[in-house]
Structure formats: C-alpha cells, structure tokens
Amino acid sequence: MAKEILRLEHIQKRFGDGDSSITILKDISLTLKKGEFIAIVGPSGSGKSTLLSIIGALLSPSSGNVILDQENIAAYKPSKLTSVRKNKIGFIFQSSNLVSYLTVKEQLMLISDISKTGKKENVKKATDLINHLGLSHRSKSYPAKLSGGEKQRVAIARAFMNDPDIVLADEPTASLDSERGKQVVEMISHEVKTRNKAAIMVTHDERILHLCDRVLRIEDGQIFEKI
Ligand SMILES: Nc1ncnc2c1ncn2[C@@H]1O[C@H](COP(=O)(O)OP(=O)(O)O)[C@@H](O)[C@H]1O
Ligand SMILES: [Mg+2]
C-alpha cells in the first residue's frame with residue numbers, strides 16, 4: 001500500500017479579526033499518498049493558493065492539522081516552517097520566478113546551496129534533472145533566452161532539486177499555450193511517478209486534468225471530489 005505523505009484535518013483559514021474577518025477555508029480535509037498527483041480546481045478567490053501556502057509551510061491554518069510526513073506542522077513557528085519548506089517542499093509558480101542573472105544550471109544550484117547535501121552530489125542532481133527535462137542544450141542559458149515552456153521546465157527541475165516530499169504547483173500552465181501546458185504537466189507527472197513523490201497542482205485548465213490521478217474542487221471553503 002502506498003505510504004501517506006500528507007493529511008489535512010479540518011483546516012480552517014480566517015483572514016483579519018473581529019467583525020472584519022473573513023473565513024476563506026472552512027473545513028478542508030484530504031490525504032495524499034506517495035506517487036500521487038492530484039489537481040485542485042475552483043473559482044478565482046476560492047482559496048486555492050491559500051491552501052497551497054498552508055500545505056507548503058508558508059502560512060499556518062487558523063485551526064486544523066497539517067500532517068506532513070507524520071509531523072503536524074500546523075502550529076509551527078516561522079523558523080521551523082522555513083526548515084520544513086526547505087527540506088520537504090518544492091514549489092512551481094505560475095510565472096516561473098527564475099532569477100534573471102543566473103543560468104539554468106545556476107538556478108538549480110541555488111536551491112542546493114540552501115539545502116542539505118554535498119556539492120558534488122548536487123551538480124550531478126542538477127545535471128540529471130536538466131537532462132531529464134530536455135534542457136541539456138539550455139544548461140548555460142539565461143532565462144531571457146528561454147521560451148515560456150522552457151522556463152517552466154526549469155521551474156520543475158528546480159522544484160525537485162531539494163528532493164522534496166511534495167511538489168506544489170500553482171497554475172503552472174497559466175502562461176503557456178495548450179500544447180506547451182500539456183507537456184509541462186506531463187513532465188511534472190513523469191517526475192512524480194519516477195521519483196515516487198507526491199504533487200498537488202492548482203489549475204483552471206480543464207484540458208490537463210486527465211493527466212492527474214484525482215481532481216478535487218474547492219468551493220465555498222469546502223473541498224469535494226470532482227466527478
Ligand atoms: N493575506 C491575506 N489577507 C486577507 N485576505 C487574503 C489574504 N490572502 C488571500 N486573501 C483572500 O482570500 C481569498 C482567496 O485567495 P486565494 O487563495 O488567492 O484564491 P485563489 O487562489 O483560489 O484565487 C481572496 O478573496 C483573497 O483576497
Ligand atoms: Mg491563486
């Protein structure tokens with residue numbers, strides 16, 4: 001049986017306090033296993049990015065448990081959250097967020113500098129990921145020279161650099177045409193499956209949902225299995 005890597009229990013998230021407070025997430029529970037790639041859809045403003053931020057140790061829930069690799073991180077202090085994020089989470093954002101003055105390979109090495117393992121091993125890991133994602137001819141290029149699809153592939157490679165337990169992708173295809181978007185999601189799926197990692201992708205793009213194992217929908221602060 002595949003091992004559970006994430007469990008959310010009755011997550012609630014409120015912004016603001018008193019009369020002006022607004023509850024974005026009301027009662028969100030879900031489990032995610034190793035090797036699983038799930039999509040979360042929902043209207044704009046429904047709290048998808050907020051939920052990813054909670055899972056990704058960027059934000060704490062107002063109540064509920066976030067059990068990541070058997071550790072409840074829900075009430076962790078910021079410094080402890082930072083270390084969880086560095087060691088256990090890989091992020092892929094809508095705009096790839098590459099550093100303009102670093103080459104493709106340097107973008108990947110930047111992650112390993114702030115992470116855990118030795119340098120030689122990291123160079124090998126970066127080279128493997130670059131090759132895997134079809135970027136070997138781009139290894140020494142700067143972001144300005146890359147197409148939108150290539151930038152997102154670098155972002156995928158970077159997300160896997162710290163050997164995360166979970167990869168979180170927030171609308172990773174939003175700036176791509178449908179063919180490039182499909183390729184990018186296929187690559188995320190491939191990396192998740194071959195490395196036995198888990199991933200959650202937030203998206204608006206109905207055309208890529210079939211590439212995921214499950215689709216969940218957030219609406220009115222609740223989460224539903226989409227059928
Ligand atoms: N730090 C914050 N303070 C107050 N409101 C916020 C904050 N972050 C997000 N929100 C509100 O929470 C709602 C959900 O936002 P978000 O999670 O970004 O939605 P989605 O990603 O589904 O479009 C929005 O109405 C947004 O304005
Ligand atoms: Mg969002």
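This talk goes through the strands, the ligand site, the nonpolar cores and a few backbone angles of one predicted model.

Some conventions to begin with. The model is predicted, so local features need pLDDT of at least 70 and side-chain atom pairs count only at pLDDT 80 or more, while totals for chains, interfaces and linings use all residues. Residues are numbered from 1 along each chain as its sequence is written, chains are lettered from A and ligands numbered from 1 in the order in which they are written, and side-chain values use heavy atoms, with hydrogens and water left out.

I start with strand S1, residues 4–15. Helices (H or I, at least four residues) and strands (E, at least two) are DSSP runs, numbered from the N terminus. S1 runs antiparallel to S2, and eight bridges join them; two strands pair if DSSP finds at least two bridges between them. Arginine 7 stands opposite threonine 31 in S2. The hairpin of S1 and S2 has six residues between the strands, and glycine 16 there takes a positive phi near 80°. S1 also pairs with strand S4, residues 63–68, in the antiparallel sense over five bridges. There, leucine 8 has valine 66 as its bridge partner.

For the cut-offs, buried means under 20% relative accessible area, exposed over 50%, and partly exposed in between, with a 1.4 Å probe and protein chains only. Leaving aside neighbours within four places in sequence, isoleucine 5 is in contact (heavy atoms within 4.5 Å) with residues including Leu32, Lys33, Ile67, Leu68, Ile166 and Ala198. Isoleucine 5 and threonine 23 are 18 residues apart in sequence, yet their C-alpha atoms are 27 Å apart in space.

Lysine 33 and alanine 2 are 31 residues apart along the chain, and their C-alpha atoms are separated by 6.0 Å. Lysine 33 is found in strand S2, residues 22–33, and is partly exposed, with a relative accessible area of 37%. Beyond four places in sequence, lysine 33 is in contact with Ala2, Lys3, Glu4, Ile5 and Ala198.

Next, the ligand. Which residues surround ligand 1? They are Phe15, Ile24, Pro43, Ser44, Gly45, Ser46, Gly47, Lys48, Ser49 and Thr50, where near means that a heavy atom lies within 4 Å.

- a backbone N or O atom of serine 46, 3.2 Å from an oxygen atom of ligand 1;
- a polar backbone atom of glycine 47, 3.0 Å from an oxygen atom of ligand 1;
- a polar side-chain atom of serine 49, 2.9 Å from an oxygen atom of ligand 1.

Taken alone, ligand 1 exposes 560 Å², and the protein buries 54% of that; these areas come from the Shrake-Rupley method with a 1.4 Å probe.

Helix H1, residues 48–55, gives the largest share of the shell around ligand 1, three residues. H1 is mostly covered, with seven of its eight residues buried, among them Lys48, Thr50 and Leu52. After H1 comes alanine 57, whose phi is positive, near 60°.

Now the cores. A nonpolar core is a set of buried Ala, Val, Leu, Ile, Met, Phe, Trp, Tyr and Cys residues joined through side-chain atoms within 4.5 Å. The largest has 35 residues, and those with the most contacts inside it include Phe37, Ile92, Val154 and Met201. Among the elements that each supply at least two residues of this core are strand S3 (37–41), helix H5 (148–160) and helix H6 (178–195). H5 gives the most, with six residues. A second, separate core of 33 residues includes Leu52, Ile89, Leu216 and Ile223.

Strand S9 (residues 214–219) and strand S10 (residues 222–225) pair in the antiparallel sense over four bridges, and leucine 216 stands opposite glutamate 225 in S10. Aspartate 220 lies in the loop between them, and its phi is near 50°, a positive value in a residue other than glycine. Aspartate 220 counts as exposed because its relative accessibility is 60%.

Histidine 10, in S1, also has a positive phi, of about 50°, although it is not a glycine. Its relative accessibility is 51%, so histidine 10 counts as exposed. As background, most residues other than glycine have a negative phi.

Notes:
Polar contact = N/O pair within 3.5 Å; in protein donor to acceptor, adjacent residues only side chain to side chain.
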